[in-house]
Structure formats: structure tokens, C-alpha cells
Amino acid sequence: GQLNGIGIEVQEKNGQVVAAEEFTSLFDEYAHKGYRTILVGTALPYGQVLEGKVEICRSYPWGCARLGLVNQASAHVIRAMSYWTDPWSQFVYDRVWPRMQYDPVTSRFKATKRDMTDVVTHPPTNTFAVFHLLVPHYPYIFDEKGEFCGAQAAIYEYGNANGYERNLHGLDRLVGEIVATLKQAGRFDDAMILFTADHSYRSH
């Protein structure tokens, strides 16, 4: 492949640009070697981009939606309370929403961790896996242990160095836990795992 003028990789065949779905990917290479291929990611439509190129693919959306119908409905109700005029609704909103607004990010972080743990403990040893996490991207809502730091300590300010470092510590701990899980399962020497984090390929 080569990079065009705006930094996007292109592949050519017989002088013609090859469509993205025809690209040779890492998953193709490992599938041809007999590996089972898995991707767990966030924010990008990996299933569409890699259709037919990866055996198992799970991508969590990024945004305000919470996981699960009941959770989504409750979030809409609590958010609507900010416009209601009775004092009880305002009381509930002021105490519930500061925590609830960060639930989509924390729930996706936990779900991704659960998926990664399943991948490194259950599938065959001849597995090639790619894990993409948004942290240490803002909002900076994790502490050094990878737990929610609380609404008062949360920072939604792009470029905040302290918040970024705090999220980074949380990510580092998560990677360490995955490595420890691999070793406990006796799969560390056989593992073929690629970690990516923060922005998508468009920015970094």
C-alpha cells in the first residue's frame, strides 16, 4: 500500500485503486496460517469494515446510548427530569444524572474487559485477537485502578494532562490484568494479541 495526499492508505492493482474490502489485512494473514481471528473494539463499525475477514467481531458504539433497553429507557427518563418543574424531579435529577451520564463509558469499559477475558481464557490457543479501547481518551473518569473515579473527580476537558494520565494508569492496569490472566491460563507463550487504544486510525 501507499499513502495518498491526505494520509489515507491505498492499495493499487493494475493501476486501479483497490476497494477497502479487498485489502489484505492482518486477519487474512493469520487466518491463512490456521489462526482463529477475533476483534473486540469500540466506536468504529468493525463488522462492516472487516466483513468476511474476521471470524468473531464485537464493536461497542460510542455516544450517549447505554447498554440494554431498560438502561436506555431509564437514562431518557432521568434526562427528561431536568426539564420538569416539580421539585421532586429536580431533586432526583441532581443526584442521579451526574453519575448516570458516565455510565455508557464505564459499562463499555467493563464489557470490553469481560470480552477480552473470555477471549484469552476460552477460545483455542491458535487465536489471533485485536483489542481496541478508547481509554485513555477523555472523558477522564477512571482512577489508577481502572474504576470510576466519581462524578466530582470526572474531567470532560480534552487535553487535560492529569486526567489523561489517570485514564492511562487505568488502561495500564487493565492490560496487566489481561497478561496475568493469560499466564494463569497457561496461554501466555502461545498468545498472539494486538492492543490499540484511544483514537481510530483516522487521527493516529
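Contact here means heavy atoms within 4.5 Å. Helices (H or I, at least four residues) and strands (E, at least two) are DSSP runs, numbered from the N terminus. This is a predicted model, where local features need pLDDT of at least 70, side-chain atom pairs count only at pLDDT 80 or more, and totals for chains, interfaces and linings use all residues. Residues are numbered from 1 along each chain as its sequence is written, and side-chain values use heavy atoms, with hydrogens and water left out.

Start with helix H5, residues 103-121. Some of its residues are buried, meaning under 20% relative accessible area; exposed means over 50%, and partly exposed lies in between (1.4 Å probe, protein chains only). Among the buried residues of H5 are Val105, Phe109, Asp115 and Val119. The buried residues of H5 pack against strands S5 (36-42), S6 (56-60), S7 (127-133) and S8 (192-197), and against helices H4 and H6 (161-184).

Now follow H6. Its 24 residues should span 34 Å, and its end C-alpha atoms are 34 Å apart, which agrees. Leu171, Leu174 and Ile178 are among its buried residues. The cover over the buried residues of H6 includes H5, S7 and S8. Val175 is also found in H6, but Val175 is partly exposed at 23%. Just after H6, Gly186 takes a positive phi of about 70 degrees.

Which side chains meet in salt bridges? The structure holds 4 of these, each a side-chain nitrogen of Lys or Arg within 4 Å of a carboxyl oxygen of Asp or Glu. One joins Arg58 and Asp115 (2.9 Å, N to O). That pair links distant parts of the chain: Arg58 sits in strand S6 and Asp115 in helix H5, 57 residues apart. Arg58 is partly exposed at 42%, whereas Asp115 is buried at 7%.

Another joins Lys113 and Glu177 (2.8 Å, N to O). Lys113 lies in H5 and Glu177 in H6, so the pair ties together parts that are 64 residues apart in sequence. Glu177 also forms a salt bridge with Arg173, with the closest N and O atoms 3.6 Å apart. Both lie in H6, 4 residues apart, about one turn of the helix. Shared partners join Lys113, Arg173 and Glu177 into one network. An α-helix has 3.6 residues a turn, so residues three or four places apart point the same way.

Conventions:
Expected span 1.5 Å × (residues − 1).
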